[in-house]
Amino acid sequence: MKNAIYPGSFDPVTYGHLDIIRRSASVFDELIVSVLNNVKKTPLFSVEERVKILEKATEDIPNVKIESFSGLLVDYARARDVHVIVRGLRAITDFEYELQNAQTNRLLSKGALDTMFFTTSLEYAYLSSTTVREIASFGGDISGCVPDFVEKMIFSKFGIPK
């Protein structure tokens, strides 16, 4: 069985993330979408909320499994016997950062972990969770960025009726 991990903060999940999830799920037998519990950041949604959001957003994709993790990605991948990491690329600046992470993960895993890059579809190339949060914090229109139920949850977090 060929499986892969798509790690990220997903705070919130965007249509760009969902595009990468759908496309990479068509390549692998199983795709584990893993929400990173990064104690150095203050997220809008808790890890548990992000897991539930992703479960709902991907419920129509049978080979996608949602989990959370903390610590080193290489340790998490080793514990699940996964040898491929999926990452999305929007722009050249993403590539530089992601290439460094891929090389580090390969080194730390002693060559057992590769990274497969998916370029984001053009209609989502501008999207980032940070941008979505910022637009929403001012009550702006994020309907083209996230699923409807996620939009409602984001505005609720900001105390903005929608």
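1. Start with the outward side of helix H4. In this predicted model, the face of H4 turned away from its buried side carries exposed residues. They are Ile92, Thr93, Glu96, Tyr97, Gln100 and Leu107.

2. Now the other side. Asp94, Glu98, Ala102 and Asn105 are the buried residues of H4. Viewed down the helix axis, they fall within an arc of 65°, so they line one face of H4.

3. What do the buried residues of H4 pack against? Their partners are helix H3 (73–79), strand E4 (84–89) and strand E5 (114–119).

4. The length of H4 checks out. The helix covers residues 92–108, 17 residues in total. At 1.5 Å a residue, it should span 24 Å. Its end C-alpha atoms are 24 Å apart, so expectation and model agree.

5. Next, the largest pocket. It holds about 1,200 Å³ of space. Its lining is made by 42 residues. Nearest its centre lie Gly8, Ser9, Arg87, Tyr97 and Glu98. Two of these names have already come up in H4: Tyr97 is exposed on the face turned away from the buried side, while Glu98 is buried.

6. Which element gives the largest share of that lining? H4 does, with eight residues. Strand E1 (3–8), helix H1 (15–25), E4, H4 and helix H5 (129–137) each supply at least two.

Technical notes: Residues are numbered from 1 along each chain as its sequence is written. This is a predicted model: local features need pLDDT of at least 70, side-chain atom pairs count only at pLDDT 80 or more; totals for chains, interfaces and linings use all residues. Side-chain values use heavy atoms; hydrogens and water are left out. Helices (H or I, at least four residues) and strands (E, at least two) are DSSP runs, numbered from the N terminus. The expected span of a helix is 1.5 Å times one less than its number of residues. Buried means under 20% relative accessible area, exposed over 50%, partly exposed in between (1.4 Å probe, protein chains only). The arc is that of the directions from the helix axis to the C-beta atoms. Contact means heavy atoms within 4.5 Å. On a 1 Å grid over the protein atoms alone, a cavity is a set of points where a 1.4 Å probe fits but cannot get out, and a pocket is an open set with protein on both sides within 12 Å along at least five of seven lines; lining residues have an atom within 4 Å of a point. Grid points are joined across faces, edges and corners, and a volume is the space filled by probe spheres set on the points.
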